[in-house]
Amino acid sequence: MANLLEMQAISKGFPGVKALSDVSISLDKGEVLGIVGENGAGKSTLMKILAGVFPPDAGKMQLEGAPFAPHRPRDALDAGIIVIHQELSLVPDRSVAENIFLGNLPRGALGAVRRAQLNRQAKTLLERVGLAVSPQARVRHLGIAQQQLVEIARALSRSARVIVMDEPTATLTTAEQRILFATIEALRDAGVGLVFISHHLEEVFEICNRVTVLRDGMAVETRSVGDWTEASLIQAMVNRPIDALFPERHAVVGDILLEVEGLAAPGAFSDVSFAVRAGEVVGLGGLIGAGRTEVLKTIYGALASSGGRVRVGTRDARIRSPRDAIAAGLAFVPEDRKGEGLVMPFPIRSNLALSTLGKLSWFRSILAPKRIDRLADKTVAELRIRTPNTRQVVQSLSGGNQQKVVLGRALTTHPRVFLLDEPTRGIDVGAKVEVYRLINALAEQGSAILVVSSDMIELLGICDRILVMRAGRLAGALPRSEFSQERVMQLAALG
Amino acid sequence: MASAQTSTPQRRGFGLASITRALNELTIVVGFLAISIYLALTTPAFLTSANILSILLASSLIGIVAVGETFVIVTGGIDLSVGSVVAFTGVMAGLALNAHVPVPMAIIVGIGIGALSGGFIAFAVTFLNMSPFIVSLAVLAMARGLAFIVTNGNTLFSFPDAFDNIGGGNLGPFPVAALITLGVFLVAGLVLARTVFGAEVYAVGGNREAARLAGIPVGRTLAIVYIISGALAGLGGVILAGRLDSAQPIAAVGLELNAIAAVVIGGASLFGGKGSILGTLLGVLIIGLINNGLTLKNVQPFWVQFIQGAVIFGAVLIDSLNQKRRKS
């Protein structure tokens, strides 16, 4: 019997990364296939290939036995493949019916929309997905789960054969999740094939028939759901050889330098308390969206907090802006180098000087170019930034060297506490090791370091302690003696 | 081997960057010379001292306003209100003079009201997070309206000589207005290129979020550029009123377009982070030449408007093509 969908030996590379290699999955009619894996395992890339966002480098796809090679998203839609993303794509100020038929509105003579027909058809679809709202209601007034059901109704209006749901439950309450699952079951029983991507393993066990694990761009294993246990699933997701990447550190742990008490930010996280000592490297682990970045940014004054205290050294720090944070002795390295770390079209020296312009000038007002050059030359030499001169624009540097410019600027303010958000994302292995060495050197000099990373091996390799966040709260803390990928994953995915 | 590998990209990178840079500024100078030579050859009236003086005087007003606009545009913002603010501050200074306020006080009134209107835009942009385009468009209408309200739509005239000299007088062989303009350009050029504030202006325009996270006071920087732009529009209003010995509520209509065109022709990017006072000076002179040439050639006034619009379109087109290339 031919499967509904076959993706065979799919490979895809991006500059500098192999996102997928030789991945095969299949999906039957009336089946829910779960796809799980760590951040960056290749789940999204695989689904984007299915949705026609970009073509695979190698491999082929078949839909009900016929070759399927979408060139653009429209082709996939027309073939009945619907991907529902985490961020919903509805138009809030139009009616439910209009959203369902968006881009596909029934039209009469002169192109006028046939309202009566539109609402009638929408009503039928809403009944199928079990959503009891008027077709004329504005989408804005619906809850998130109801909006997702509208997306599903839209999928049905295009006579969907395959529906992909990427993290559909991330923002749902339990009651909303029940509605969604009931709808998934109804669709499954009606012969639609569904792909369910989630970090929440208990949901995967509840709703899926089979589960495929992706790891480092490869499909590790597919089993029917009864043949998996939570432990075996986590093991399959994280099991990798640990490279000898991580240099040793000989830091002496001293007094508390950063203390956070009951910190909260609206809609992001709440009740976060921890302390980081001098000479200590503390990791902040968890899944994307768990609130890790927000914690760093709130400590740094880049996001407004709605409660709690931050203490730097022995003093309460009143930090209302990054400027205050720098004055209090904090430094922050953002995860988005291009968007938040650097002024891309500016030279290295200008980027390095940004945080200390006052010191690099006479009377804190007239720039002293020689002081800027001295600082830039010194930083470039210390961090071994590979560039012919400091007047190169940072745009022309490799990712690793760009990251060193961001780190180098953080050093210019002589901070005691470093907040590093994904400090090695998108840089090559050689540069990673240099970043690890720098982190070690800073710790040995008595700095406190708090680092967020989605690379679990990295966290286990460089940290003295790991705090794990789940859904905006600290789910637990692991001392070095209890380090294991399984423990981190358990805390991150199960709480 | 290792040294060969590192030296090749060095030469290429450095060479390319400086060539494109030189090309940009060279293009402006070449354009300027080409228009001058063309006008000198085809129009006998062009190379007369009276005509050159009139180009300089006309360019003074555009120039002073364009300097303020340069600061704003380098932060990635825009100030559409400057033309109306020139008119409003001009009539306010005029009203002060007619009420027998001493000349220096009247000048301060003009510049101060300009700064206040810039402060209003600054407040809306930084505290209320409104778009500078829309806010300054609103102020364009409000300032023009106020200029009519306070004058009842009438023209004010007969100001003291001391005041008129600012716009129309001479200091030795040089027009006072041109000297003031030169001074404004010099100071602004130093501020933008050589001070901490200037570096902050570029950083805010180059990447606002990165600047904020690096500890730069983004709100303060934005506020100051709009206040500078407003204050310079006020100075422009005073100079214009002095030159004409009168202040009209309909003065300087469309001046913002000339000023923005000058800034963009001078190599600034409407996307922010790029531009210079020297570039703006060249842009102002080119706009002055084009306007003067169109007058000398007796081009119909309706066409003058059209051609000015087309010049702006062309400059912005080049800017946006450059931006696209930079991104890819």
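Trainee: What share of the 328 residues in chain B is buried?
Mentor: Buried residues account for 48% of them. Buried here means under 20% relative accessible area, exposed means over 50%, and partly exposed is in between, with a 1.4 Å probe and protein chains only. Keep in mind that this is a predicted model, where local features need pLDDT of at least 70, side-chain atom pairs count only at pLDDT 80 or more, and totals for chains, interfaces and linings use all residues. Residues are numbered from 1 along each chain as its sequence is written, chains are lettered from A and ligands numbered from 1 in the order in which they are written, and side-chain values use heavy atoms, leaving out hydrogens and water.

Trainee: Thanks! How many helices and strands does chain B have?
Mentor: Chain B has 13 helices and four strands. These are DSSP runs numbered from the N terminus: helices are H or I with at least four residues, strands are E with at least two.

Trainee: And what is the radius of gyration of chain B?
Mentor: Chain B has a radius of gyration of 21 Å, close to the 20 Å from the globule rule for 328 residues, so chain B is as compact as a globular protein of that length. The radius is taken over C-alpha atoms, and the rule is 2.2 Å times the number of residues to the power 0.38. Along its principal axes, the C-alpha trace of chain B spans about 80 × 55 × 35 Å.

Trainee: What about contacts in chain B between residues at least 6 apart in sequence?
Mentor: Of those, 79% join residues at least 24 apart; a contact means heavy atoms within 4.5 Å.

Trainee: Switching to chain A: which residues of helix 8 are buried?
Mentor: In helix 8 (residues 230-238) of chain A, the buried ones are Leu233(A), Ile234(A), Ala236(A), Met237(A) and Val238(A).

Trainee: What covers them?
Mentor: The cover includes strand 3 (32-36), strand 9 (210-215), strand 10 (218-224), helix 7 (201-207), helix 16 (456-462) and helix 17 (485-494) of chain A.

Trainee: How many salt bridges are there over all chains?
Mentor: There are 30, a salt bridge being a side-chain nitrogen of Lys or Arg within 4 Å of a carboxyl oxygen of Asp or Glu.

Trainee: Which residue does Glu434(A) pair with?
Mentor: Glu434(A) meets Arg384(A) in a salt bridge, at 3.9 Å from N to O. This pair links distant parts of the chain, 50 residues apart: Glu434(A) is in helix 15 (residues 429-444) of chain A, and Arg384(A) is in the loop between helix 13 (369-382) and helix 14 (399-412) of chain A. Glu434(A) counts as buried, at 16% relative accessibility.

Trainee: Which residues are linked in a network of salt bridges?
Mentor: Glu259(A), Glu261(A), Arg309(A), Arg311(A) and Asp316(A) are.

Trainee: Last topic, backbone angles. What is the phi of Glu64(A)?
Mentor: Glu64(A) has a positive phi of about 45 degrees, although it is not a glycine. Most residues other than glycine have a negative phi. Glu64(A) lies in the loop between strand 4 (58-63) and strand 5 (66-68) of chain A and is partly exposed, at 35% relative accessibility.

Trainee: And Glu422(A), buried or exposed?
Mentor: Glu422(A) is buried, with a relative accessible area of 6%. Glu422(A) has a positive phi of about 45 degrees too, and its place is in the loop between strand 19 (417-421) and helix 15 of chain A.
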